Amino acid sequence: ADPSLLGAAIATEGRTFIAGADIGEMDRPLEEPQLPAVIAVIAACRKPLVAALHGNVLGGGLEVALACRARLAAPGTSVGFPEVKIGLIPGASGTQRLLRMTDFDTAVRLVTSGKPVAAGEALRLGLIDQIVEGNVLQAAVKLILSGRAANEQAFPASRTIIAREGARPNPETLPALRAEVEK
């Protein structure tokens, strides 16, 4: 609510962004705040939040990034939903937000294969907005300070996007996709 605040960057230190849940937490009750609630706050924010991605952006980390207004990535970043490999489906709005960023076939493959994609492919698929050479956090701050991150046409808030073109299953490709997933 502070009018002097233009937005914020979500960034982490270390070798990677958020690489998903701690599997050790699966044996005990979930701690507050739970990830879906955190992501709902990020998505509802009226000021632009920009994710400064690097390293692995996996599972819940990708769900956090997808809720942001913009996603900038360092070269070498990879994104994905590997939790399916242990029998879990993304449960913090990732499956829904994917369809706001990319097409149905791509979303299904990302969620069901568990295979991460490299930054260049993530850019092509619409999962990130830009690959940044140099300091990705500084680039995120610069995007916010320039006012461009607040431009709804350039960077629409995920809460305002209904679905991207191709978000519905294509009857022509659905049988092949279903067979691929069933394997």
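**Close-up views of a predicted model**

**View 1. Strand β2 is covered on both faces.** On one side of β2 lie Leu49, Ala51 and Leu53, on the other Val50 and Ala52, and all are buried (under 20% relative accessible area, with exposed meaning over 50% and partly exposed in between; 1.4 Å probe, protein chains only). Because five of the five residues of β2 are buried, this strand is largely enclosed by the rest of the structure. In a regular strand the side chains alternate between the two faces of the sheet. Strands (E, at least two residues) and helices (H or I, at least four) are DSSP runs, numbered from the N terminus. The model is predicted: local features need pLDDT of at least 70 and side-chain atom pairs count only at pLDDT 80 or more, while totals for chains, interfaces and linings use all residues. Residues are numbered from 1 along each chain as its sequence is written, and side-chain values use heavy atoms, with hydrogens and water left out.

**View 2. Four strands form an open sheet.** The order is β1-β2-β4-β7, and the pairing is parallel; two strands pair if DSSP finds at least two bridges between them. At the edges stand β1 (8-10) and β7 (130-131), each with a single partner strand, so one side of each has no neighbour in the sheet.

**View 3. Strand β2 pairs with β1 and with β4.** Three parallel bridges join β1 to β2 (residues 49-53). Here Val50 is the bridge partner of Ala9, and Ala51 stands opposite Ile10. Between β2 and β4 there are four bridges, again in the parallel sense, and Ala73 in β4 stands opposite Leu53.

View 4. Axes are lines fitted to C-alpha atoms, for helices over the stretch in contact (heavy atoms within 4.5 Å), and angles run from 0 to 180 degrees between N-to-C directions.

**View 5. Helix α2 is largely enclosed.** Eight of the eight residues of α2 (residues 60-67) are buried, so the rest of the structure largely encloses this helix. Among the buried residues are Leu62, Val64 and Leu66. The buried residues of α2 pack against α1 (35-44), β2, β3 (56-58), β4, β5 (78-80) and α3 (94-101).

**View 6. Ala107 is a buried residue of helix α4.** Helix α4 spans residues 104-113, and Ala107 has 6% relative accessibility. Leaving aside neighbours within four places in sequence, Ala107 is in contact with Leu98, Leu99 and Thr102.
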